[in-house]
Amino acid sequence: MATLLPAEAVVPRVLHARPSVHDVVSQTLAMAWRSLLKMRRNPEQFFDVTIQPLLFTAMFTYIFGGAVAGSTAEYLPIIIPGILAQTTLTACMATGIQLREDMDKGVFDRFKSLPIARIAPLAGPALADLLRYAIAATLTIVVGIVMGYRPGGGLGGVIAAWFLVVFAGWSLAWVFTWLGTIARSAQAVQGISMMIMFPLTFLSNAFVPTQTMPGWLQTFVEINPVTQVIQAVRDLMNDGMFTAHVGWAVLGCSAITAIFAPLAVRSYSRKM
Amino acid sequence: MQNSDFAVEATGLVKTFGSTRAVDGIDLQIPRGRVFGVLGPNGAGKTTMLKMLATLIPIDGGRASILGVDVASRPHEVRQLVGVTGQYAAVDDNLTGRENLILFGRLLGLPRKRAAAIAEELLASFGLTEAATKLTREYSGGMRRRLDLAASLISRPPLIFLDEPTTGLDPRTRGQMWDTIRQLVRDGATVLLTTQYLDEADQLADRIAVIDRGKKVAEGTPDELKAGVGNSTLHLRLEDRARASEAAGLVARVLGREPALTPEAGGLSIALPDANRAADVLIALRQARINITTANVRQPTLDEVFLALTGAPTETQIKEVA
């Protein structure tokens, strides 16, 4: 049999105490490449970010439009930012569920045995999922425009809103990534994620104005970060204005990432 | 760094799961450039021990170092020295064989071109070139195992852990895996191999530790272990299996030590201090009119070593009878 290991295998080598920043970046990119290959092989992973924007945008607009805003045309500036946030946030639930499923597979044993940064197997899929959020956001905006939505904020406002929503999805995905690392099964992640997602998206200003809600609920809606994101998206898309809401939304999402990304890495490392 | 004479050094290694001590104070000293076999039945703690040494699970007690690098305090460095091939192939089902190897190469910091070149080399070495573009979920068990081992070699590790590398493989594929392991050692690597197959340890390992219920019950070269049981063993099969215990009592009186009843009905395995004593046993049986169907004297197999050390038959023996 031919040589399997060249001579350099046996000679002493330089060992690195920890991965460098360059290592972390290239390992994360390699993991993202793996996730993209998987997406290409399993196109059903795109159902939630393609069907949902099409269906929900049309459905909510025609059902609630007349009742809430008087007409569907007047409702579009309210509902499009709402659906935009809702779809992207729903899409990021899948990040946690998929990670949990993935972690049960043998290949994760190898990832753990390799001298790679512990964050790479988590950050790679998160990076690849940006593609899913981008698709969801783009489709929702396109469907809105087809239905007659004319964003007052112009192209610049729409692009800024698009970036904000994709960033919000990426940030919130760290919450679900963390859930993925602590839950026992993918079903558990799904269950918990739904329990978080429904109150967050529905107890917000996504679909209806908040004035008719009871006072205590208004308080919750006010502090709900999703409300901030939606309000920020409305300000950007409808008025082209970088308001305080935009600042709060960016700050809130950054805070979520800063808290949950390290938590996720810590519980992932501990699982090993 | 890496100045130790030993590839693996462990003292008092402990792993507890709840109230069970899966690994219960194991000491190991594995010299470089050899195949070291860890032999034990299912659930003996072999895999758990390997996982601790490979930094996959935390060490609960004791110390371990790989080529002089402490496992608990410097895991990232240990991971640069060890290639791990698990019991179940740790490759990505959704990727092709080639993509798997490129992914692991990229993760190990190889530039794109170098990763692709090494992937091609390894695919060729392991006879997987034709299957390079197939998804690994469509691979056979043997192909997955080969790809898994190939993946462990990308970093050219000086120490390779093989956790039951041939469990579930057909005899031909198993033989190929053995050849591969021998080649790795010729190339200068140290191999730590766990197995529940005694012939595998006998064939490959220079030194064997026998593990049972989390404890090391014996260690030595295959020959030393066999010699510890007696220079030779007399195997008998009785015509009337019902008289097995009567025969055992008789043998105990003649030799002063209890024989082992082998799992096959009416079988006795008798360790002899000296091959000549076989005649004494046979004469005693003849006088007691206990008829035998077969008798042979030979060097003990590792199966018998295991039986003598742990007092329980191994999985393979039980399967052979059933």
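Predicted model: local features only at pLDDT ≥ 70, side-chain atom pairs only at ≥ 80, totals over all residues.
Visitor: How confident is the predictor in the complex, by ipTM and pTM?
Guide: The complex receives an ipTM of 0.85 and a pTM of 0.81. For chain B, the mean pLDDT is 86, and 93% of the residues score at least 70.

Visitor: Where in chain B is confidence lowest, and where is it highest?
Guide: The lowest mean, 44, belongs to helix 12 (residues 315-321) of chain B. Helix 3 (residues 97-107) of chain B has the highest, at 95. Residues 314-322 of chain B have a pLDDT below 50, and this stretch still has 16 contacts in the model beyond near neighbours in sequence.

Visitor: What makes Ile97(A) count as buried?
Guide: A residue is buried if 20 or more other C-beta atoms lie within 10 Å of its own. Ile97(A) has 20 C-beta neighbours inside 10 Å, and therefore counts as buried. This residue is placed in helix 3 (residues 72-103) of chain A. Across chain A, 46% of the 272 residues count as buried.

Visitor: Which residues does Ile97(A) touch, leaving aside those up to four places away in sequence?
Guide: Ile97(A) touches Gly180(A), Ala186(A), Val189(A), Gln190(A) and Ser193(A). Contact requires C-beta atoms within 7 Å.

Visitor: How are helix 7 and helix 8 of chain A packed, in angle and in distance between axes?
Guide: Two packed helices are described by the angle between their axes and by the distance between those axes. For helix 7 (residues 154-182) and helix 8 (residues 186-202) of chain A, the angle is about 145° and the axes are 9 Å apart. The crossing of helix 7 of chain A past helix 8 of chain A is right-handed. Helix 7 of chain A contributes Phe176(A), Leu179(A) and Gly180(A), while helix 8 of chain A contributes Val189(A), Ile192(A) and Ser193(A).

Visitor: How do the residues of this contact between helix 7 and helix 8 of chain A divide by class?
Guide: Four are nonpolar, two are polar and none is charged. Gly counts as polar in this scheme, and Gly180(A) is one of the residues in the contact.

Visitor: How many helices and strands does chain A have?
Guide: Chain A has eleven helices and zero strands. Its C-alpha trace spans about 80 × 35 × 35 Å along the principal axes. Of the contacts in chain A between residues at least 6 apart in sequence, 80% join residues at least 24 apart.

Visitor: What makes helix 3 of chain B mostly covered?
Guide: Eleven of its eleven residues are buried, among them Arg98(B), Glu99(B) and Phe104(B). The buried residues of this helix pack against helix 1 of chain A, together with helix 4 (112-125) and helix 5 (141-153) of chain B. Just after helix 3 of chain B, Gly109(B) takes a positive phi of about 90°.

Visitor: How many residues does each chain bring to the contact?
Guide: Chain A supplies 33 residues and chain B supplies 39 residues. On the side of chain A that touches chain B, helix 1 of chain A gives the most, with eight residues. By class, that side of chain A has 17 nonpolar, six polar and ten charged residues.

Visitor: Into which domains is chain B divided?
Guide: Chain B is divided into domain 1 (6-225) and domain 2 (231-299). The C-alpha centres of domain 1 and domain 2 of chain B lie 41 Å apart.

Technical notes: Residues numbered from 1 in each chain as written. Chains lettered and ligands numbered in written order. Contact = placed C-beta atoms within 7 Å. Helix = DSSP H or I, 4+ residues; strand = E, 2+ residues; numbered from the N terminus. pLDDT = per-residue confidence, 0-100. Axes fitted to C-alpha atoms, helices over the stretch in contact; angles between N-to-C directions. Left-handed = near helix turned anticlockwise from the far one by under 90°. Domains from an automatic or database assignment. Buried ≥ 20, exposed ≤ 12 C-beta atoms within 10 Å, placed from the backbone.
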